Amino acid sequence: MIHHSITLEPDGPGSYKFKFATGRGEISGRVRVGQEGPPDNRSEADQQQAALNQILALSREFAQACGD
């Protein structure tokens, strides 16, 4: 799946590898959106959106840490 230049690749239950690439470089990593406990019954689309939301939150924290 590609969304706003972010490539998501399933990496186990509730986990995604991601890559964001531009002409200036690349950031890649892994996010987990699954919940502990009962199985995550969200649709694949909802899980992918949760992964994108997690990446956005992490990128904001990363930008803030770089500014410190």
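Author: The turns below go through the fold, the strand pairing, the helix, the salt bridges and the surface of a predicted model.

Reader: How many residues are in the chain, and what share of them is buried?
Author: There are 68 residues, of which 21% are buried. The chain exposes about 5100 Å², and carbon and sulfur atoms supply 51% of that area. As for contacts with a separation of 6 or more, 23% are between residues 24 or more positions apart.

Reader: On to the strands. How many bridges join β2 to β3?
Author: Five bridges join β2, residues 6–10, to β3, and the two strands run antiparallel. P10 stands opposite Y16 of β3. The two strands form a hairpin with four residues between them, and G12 in that turn has a positive phi of about 100 degrees.

Reader: And how many bridges are there between β3 and β4?
Author: Eight bridges pair β3 with β4, residues 25–32, again in the antiparallel sense. K19 has S28 in β4 as its bridge partner. The hairpin joining β3 to β4 passes through two residues.

Reader: What follows β4? Where is E36 found?
Author: E36 is found in the loop between β4 and α1. With a relative accessible area of 72%, E36 counts as exposed because that value is over 50%.

Reader: Now the helix. How many residues does α1 have, and how far does it reach?
Author: α1 has 24 residues and reaches 35 Å from its first C-alpha to its last, which is close to the 34 Å expected at 1.5 Å a residue.

Reader: Which residues of α1 are buried?
Author: They are Q47, Q48, A50, A51, L52 and I55.

Reader: Why does Q47 count as buried?
Author: Q47 has a relative accessible area of 11%, so it falls under the 20% limit for a buried residue. Leaving aside neighbours within four places in sequence, Q47 is in contact with G14, Y16, V33, D40 and R42.

Reader: You mention D40 and R42. Which kind of interaction do their side chains make?
Author: The side chains of R42 and D40 meet in a salt bridge, at 2.7 Å from N to O. R42 is partly exposed at 29% relative accessibility, and D40 is partly exposed at 23%.

Reader: How many salt bridges does the count come to?
Author: The count is two. D11 forms a salt bridge with R30, with the closest N and O atoms 2.6 Å apart. This pair links distant parts of the chain: D11 is in the loop between β2 and β3, whereas R30 is in β4, 19 residues apart. D11 is partly exposed, with a relative accessible area of 25%.

Reader: Finally, the surface. Which residues make the nonpolar patch?
Author: F20, I27 and F62 make a nonpolar surface patch of about 290 Å². F20 belongs to β3, residues 15–22, and is partly exposed at a relative accessible area of 32%.

Notes
Residues are numbered from 1 along each chain as its sequence is written. This is a predicted model: local features need pLDDT of at least 70, side-chain atom pairs count only at pLDDT 80 or more; totals for chains, interfaces and linings use all residues. Side-chain values use heavy atoms; hydrogens and water are left out. Patches are made of residues with over 30% relative accessible area and no salt bridge: like charges are joined within 9 Å, nonpolar side chains (Val, Leu, Ile, Met, Phe, Trp, Tyr) within 5 Å. Accessible areas come from the Shrake-Rupley method with a 1.4 Å probe; for residues, only the protein chains shown count as cover. A salt bridge is a side-chain nitrogen of Lys or Arg within 4 Å of a carboxyl oxygen of Asp or Glu. Buried means under 20% relative accessible area, exposed over 50%, partly exposed in between (1.4 Å probe, protein chains only). Two strands pair if DSSP finds at least two bridges between them. Contact means heavy atoms within 4.5 Å. The expected span of a helix is 1.5 Å times one less than its number of residues.
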